[in-house]
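Visitor: I would like to learn how to read a model like this one. Please show me.

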Amino acid sequence: MNPLRSYKIGLLALLIVSMLDLYLWYNGLLLYRLGTLLLIVPILFLLFWNLLKTNLSLSIALFFCWLGDLFLLHDVNHTIQILGVSSYMMAHFFFIESLLKRIKKFSLISFMMGVLFFGAYLMVFFSNILSYLKDMKFIGIAYGLVLGFLGCLSIMNFFIQQSRLQFSLFGGIFLFSVRDVMLTYNKYYFNEDYFILGVDIFYVVGLYLILQYFKTTESEIQHAKEPNFSTLNKSSKSQN
């Protein structure tokens, strides 16, 4: 099958599964979400197979996202909640590892711009929700710092290279973080599923943008490694 056609079919499958998951969640059919929410990451894995088959860090990151989804559906006690947050946090660690390999240079000023943005963002969030987290305060703060560091790297990378691709990475990470904020408010502030629509949409779109960034940069890296035969021929001719 044509790769482009397969990719389009995969995107369609991702859209259908995401919409179905929203429908099941909105109507309280939570048990059936085992067949929808837990399919999102595998579909993304297949969509980005050419990238993930040679990138162990990103494959592990997606696996931990899937684990986080699994624990999210079985959020029945404190231990499961910690396992769920820890799974997503481990995913971000592997995203950070992959991103660090692609950052060409470090700029303290650009990084501090990220610190200002995500620092203010997290301070506003925790000032409103921290007292409601109770036993989840420590793991919640740790998760926020890890995700915030990933976000700071994406902002630094954007200010250094200033391209739509770098901005899409920041956008994906930011959407992922907003999804986490919504889930936290649902669980600890409203004590009900107040936010539903944004949670699924931001999660799927956020993960897609993050993986699309790595896919594009991986192609650029592989292209840079390929020998430039035209240059080599010119060099050999000049020597002759």
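This is a predicted model: local features need pLDDT of at least 70, side-chain atom pairs count only at pLDDT 80 or more; totals for chains, interfaces and linings use all residues.

Visitor: At what angle do helix α5 and helix α8 pack?

Guide: Helices are DSSP runs of H or I, at least four residues, numbered from the N terminus. Axes are lines fitted to C-alpha atoms over the stretch in contact, and angles run from 0 to 180 degrees between N-to-C directions. Here α5 (residues 78-100) and α8 (residues 164-190) pack at about 170°, with axes 14 Å apart. α5 is therefore roughly antiparallel to α8 (the term for angles over 145 degrees).

Visitor: Which residues make the contact of α5 with α8?

Guide: Contact means heavy atoms within 4.5 Å. From α5 come Q81, Y88, H92 and L99. From α8 come L169, F176, R179, D180, K187 and Y188. By class, five are nonpolar, two polar and three charged. Ala, Val, Leu, Ile, Met, Phe, Trp, Tyr, Cys and Pro count as nonpolar, Asp, Glu, Lys and Arg as charged, and the others, Gly among them, as polar.

Visitor: Where is K134 found, and is K134 buried or exposed?

Guide: K134 sits in the loop between α6 (108-133) and α7 (137-161). K134 is not a glycine, yet its phi is positive, about 55°. K134 is exposed, at 65% relative accessibility (exposed means over 50% relative accessible area, with a 1.4 Å probe and protein chains only). Q162 lies in the loop between α7 and α8. Phi of Q162 is also positive, near 50°, and Q162 is exposed at 58%.

Visitor: How many residues line the largest pocket?

Guide: A pocket is an open set of points on a 1 Å grid over the protein atoms alone, where a 1.4 Å probe fits, with protein on both sides within 12 Å along at least five of seven lines; lining residues have an atom within 4 Å of a point. The largest pocket has 38 of them, with L72, D75, L183, T184 and K187 nearest its centre. α8 gives the most, eight residues.

Visitor: Which residues are closest to the centre of the second largest pocket?

Guide: They are L47, W49, N50, L51 and K215, out of 14 lining residues. α9 (197-225) is one of the elements giving two or more residues, and α9 gives the most, with four.

Key:
Residues are numbered from 1 along each chain as its sequence is written. Side-chain values use heavy atoms; hydrogens and water are left out. Angles under 35 degrees count as roughly parallel, over 145 as roughly antiparallel, 65 to 115 as roughly perpendicular and the rest as oblique. Buried means under 20% relative accessible area, exposed over 50%, partly exposed in between (1.4 Å probe, protein chains only).
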